[in-house]
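Here is a short briefing on how two chains meet. Please have the viewer open as you read.

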Number of protein chains: 2
Amino acid sequence: MPNVLITGTNRGIGLGLAKAYAKQPNTNVILGLRDPSGGSMPEIEVADGSKAIKVKIDSGDIPSAKKAMQELKSQGIDRLDIVIANAAIGDCFGALKEVDLGSFEEHWRINVLAPLALWQACVPLMSEGSKFVWMSSGASIMDRVPDKLDAGYGITKSSMNYLARYAHFEEPSIITFALSPGWVQTDMGDRGAKWAGMEKAPLTVEESVSGIIKVVGEATKDKYSGLHVRYDGSQSKW
Amino acid sequence: MPNVLITGTNRGIGLGLAKAYAKQPNTNVILGLRDPSGGSMPEIEVADGSKAIKVKIDSGDIPSAKKAMQELKSQGIDRLDIVIANAAIGDCFGALKEVDLGSFEEHWRINVLAPLALWQACVPLMSEGSKFVWMSSGASIMDRVPDKLDAGYGITKSSMNYLARYAHFEEPSIITFALSPGWVQTDMGDRGAKWAGMEKAPLTVEESVSGIIKVVGEATKDKYSGLHVRYDGSQSKW
């Protein structure tokens, strides 16, 4: 019975992923939430034999990832098969010369430091062939920088690529890669689209999520691990 | 009379660069130091008509860069021709799964946030053709990650590459690039060498510095700007 942990599942791509995995039979979907007792997580449908388990993983509270593992163990979950470090923020727009340094720092803490803390917490529970996905973005790609408007976000996602590549070489038994979900119709994606003068982002959550689940399913140490992979299985160089 | 600002000049490559620029006649070398009134900055020889001016730029004190510009203006320096964001720390070794998150964060603040604060402070004083150098490292190169031992340092230098590229596109009149000084016989370089089982780093400070000064001198908007350049003028892809 696979255990799938996803952070930031109360909306957007995280919610889409949680719904999709919960529809698979005999699967424990672990929902990493800033406030698991609050009402921000919608009810999701679970398949026969599946469960949706809420746990507190707050990207603003770095030790919460390790505490979450203790709580999962107390519920009998001592193995993680898939982890998707999805929680992130992205509203740090503007030129480098005027970007707010407090916001720039907050983006780094939520989008880079917290996923690394999650990695540290999860590794002891991950065995041969388990998968850890570092959610990245097209905004991370340095060669595409000229068409970007959000350095404070893109630089954090570039760091996710770096961490993914490092983790791949350090842990020979874990399949791990950076994943770009595409430009998706979420709060964040649509905000970026408006900033760029578009009505909304081009991709639906469902299109992105079904691609991501296929990529994660097909990933092996030889295929995708250590790389930056897009939701459709194509790869981007840094 | 060119004004050259370098941070972290009390030792290592920063000291080497300060000495070399101060030997050029009619040059103001501005020494950015954590503690300009303390004794950590050695006396350096200055050429005819040149000056060495100490100013407080503390990477651990983010507002200090802007304050330094006020102080320079009060001394009649209202233009910067070359800025080298050199100050950095590098002793965050070990595997991602066990790296100290406090140290990881401190490296990011000193090595990424502080250089961005320096950029914000300096841009108003930089006119057409002035040059801003983001000190990077071979450890920043993602395709070389498998042979690295210091993720907590390398990831900050990868971010320097990102910032340099961004800055290049944002500021059409400023020449700006990421620079790798090579693996140099400094405290930091030798510590890394020992960690890798070597006696010392392969390159002397003088070899690195003379290369860097040539690269900075030759740099134009078409040559080097927006890229990652090594001290010998060769380029690395991310």
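Do the copies meet through the same surface or through different ones? They meet through the same surface, because 100% of the interface residues of chain A are also interface residues in chain B. This is a predicted model, in which local features need pLDDT of at least 70 and side-chain atom pairs count only at pLDDT 80 or more, while totals for chains, interfaces and linings use all residues. Residues are numbered from 1 along each chain as its sequence is written, chains are lettered from A and ligands numbered from 1 in the order written, and side-chain values use heavy atoms, without hydrogens and water.

**Contact and buried area**
- Chain A and chain B each bring 44 residues to the contact (heavy atoms within 4.5 Å).
- Together they bury about 4,100 Å², 67% of it on carbon and sulfur atoms (accessible area, 1.4 Å probe, lost on being put together and summed over both parts).
- On the chain A side, L96(A), M142(A) and Y162(A) lose the most area to chain B, together 20% of what that side buries.

**Salt bridges**
- The interface holds six salt bridges (a side-chain nitrogen of Lys or Arg within 4 Å of a carboxyl oxygen of Asp or Glu).
- In one of them, K97(A) pairs with E171(B), with the closest N and O atoms 3.2 Å apart.

**Symmetry**
- Chain A superposes on chain B by a rotation of 180° with 0.0 Å of shift along its axis, RMSD 0.0 Å (least squares on C-alpha atoms of residues with pLDDT of at least 70 in both).
- That is the relation of a two-fold axis.
- In chain A, W238(A) has the C-alpha nearest the axis, 3.1 Å from it.

Key:
Buried area is the accessible area (1.4 Å probe) that two parts lose on being put together, summed over both.
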